[in-house]
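Dear colleague,

Please find the structure for your review below. My notes on it come after the display.

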Amino acid sequence: MARAKRKRRNTQNRRSVGPVWRKWIIPAVIALFVIVLVVPTVLTGLNPLGSPAESSSAAPAEDQGQSQQPSVLGVGSAVPGFSLEDTEGETISLESLQGKPVVIAFFAPWCPHCQDEAPRLSQIHGEYGDRVHIVSISATPYGKDYGQSSSRIAQHPRITMDDLKWFKEEFGVTYPLLFDPSVEIGTAYQIASFPTTFILDADHRVVEIFVGGRPVEEFRTVLDGILGDQ
């Protein structure tokens with residue numbers, strides 16, 4: 001009789017444990033799912049410098065060709081030349097930018113990070129004056145209204161010189177903006193996101209590549225290092 005009672009108690013205990021286990025398993029799975037999704041986002045947001053994904057805009061996949069590949073240009077590399085017209089109708093070539101460090105900022109007029117970067121580059125331009133050449137080259141086939149339409153079949157407006165003139169006036173640009181409607185130079189430099197900035201020494205060799213927007217202090221550090229070595 002005692003053995004039968006113990007058996008019934010054990011059966012009841014197992015039955016009581018089962019519902020409790022099932023009661024907590026679903027909330028535990030939900031909590032784990034939330035942690036996996038949310039924690040990486042929070043940690044990324046705590047990065048004070050920002051990753052390229054946070055401070056740059058991806059180049060459109062259409063009509064970009066090899067520019068979607070990571071850049072093979074690195075520190076010490078010589079860069080491809082260019083000869084392009086600016087918003088004032090003047091033709092500027094890399095060859096003409098001799099004897100001084102050169103900042104080449106690739107941008108898109110529709111890119112919000114490029115719009116944020118423009119005043120910082122103008123500040124650098126004002127601080128360093130004629131000791132440093134600064135130019136910015138369009139590296140997108142699309143104009144300032146790219147991405148404005150919600151329709152998937154709408155034609156994206158092609159970039160024109162007017163888009164560069166708008167950008168220059170809207171964001172107080174004081175350095176030359178060079179127009180490359182065919183994205184030939186952006187392809188040669190293999191630009192995959194905006195802004196991407198190459199800082200060259202006086203011999204046109206790469207000293208630094210910034211992918212994404214950067215504070216003025218980082219530009220100063222690199223440029224002062226180049227100027228101090230001359």
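The notes below cover confidence, strand pairing, aromatic contacts and one serine.

This is a predicted model, in which local features need a pLDDT of at least 70 and side-chain atom pairs count only at pLDDT 80 or more, while totals for chains, interfaces and linings use all residues. Residues are numbered from 1 along each chain as its sequence is written, and side-chain values use heavy atoms, with hydrogens and water left out.

Confidence

The protein chain has an average pLDDT (the predictor's confidence in each residue, from 0 to 100) of 79, and 66% of the residues score at least 70. Over residues 33–53 the pLDDT is below 50, and this stretch has six contacts in the model beyond near neighbours in sequence; a contact means heavy atoms within 4.5 Å. Residues 61–71 also stay under 50 in pLDDT, and for them the model has 30 contacts beyond four places in sequence.

Helices (H or I, at least four residues) and strands (E, at least two) are DSSP runs, numbered from the N terminus. Two strands pair if DSSP finds at least two bridges between them. Strand 8 (residues 196–200) pairs with strand 4 in the antiparallel sense over five bridges, and Val-102 stands opposite Leu-200 of strand 8. Strand 8 also pairs with strand 9 (residues 206–211), again antiparallel and over five bridges; there, Ile-199 has Glu-208 of strand 9 as its bridge partner. The hairpin of strand 8 and strand 9 has five residues between the strands, and His-204 takes a positive phi near 65° in this hairpin.

Five of the five residues of strand 8 are buried, where buried means under 20% relative accessible area, exposed over 50% and partly exposed in between (1.4 Å probe, protein chains only). Thr-196, Phe-198 and Leu-200 point one way from the strand, whereas Thr-197 and Ile-199 point the other way.

Aromatic contacts

A pair of aromatic rings is described by the distance of the centres and the angle of the planes. Rings of Phe, Tyr and Trp (its six-membered ring) pair if their centres lie within 6.5 Å; planes under 30 degrees apart count as stacked, over 60 as edge-to-face and the rest as tilted.

A search of the whole structure finds ten aromatic pairs. In one of them, the ring centres of Phe-106 and Tyr-189 are 4.9 Å apart and the planes are at 50°, so the pair is tilted. This pair links distant parts of the chain, with Phe-106 in strand 4 (residues 102–107) and Tyr-189 in the loop between helix 5 (184–188) and strand 7 (193–194), 83 residues apart. Both Phe-106 and Tyr-189 are buried.

Trp-110 and Phe-194 form an edge-to-face pair, at 5.7 Å centre to centre with 80° between the planes. Trp-110 lies in the loop between strand 4 and helix 3, and Phe-194 in strand 7, 84 residues apart. Trp-110 counts as buried because its relative accessibility is 12%; Phe-194, at 0%, is buried as well.

Phe-107, Trp-166, Phe-167 and Phe-171 form one aromatic cluster. The charged end of Lys-144 sits over the ring of Trp-166, 5.3 Å from its centre (the criterion is NZ of Lys or CZ of Arg within 6 Å of the ring centre and within 35 degrees of the ring normal).

Ser-122

Ser-122 is found in helix 3 (residues 112–128) and is buried, with a relative accessible area of 11%. Its side chain reaches the backbone oxygen of Gly-172 at 3.2 Å. Not counting residues up to four places away in sequence, Ser-122 touches Gly-172, Val-173, Thr-174 and Tyr-175.

Yours sincerely

Conventions
A polar contact is a pair of N or O atoms within 3.5 Å; within protein, one must be able to donate a hydrogen and the other to accept it, and residues adjacent in sequence count only if both atoms are side-chain atoms.
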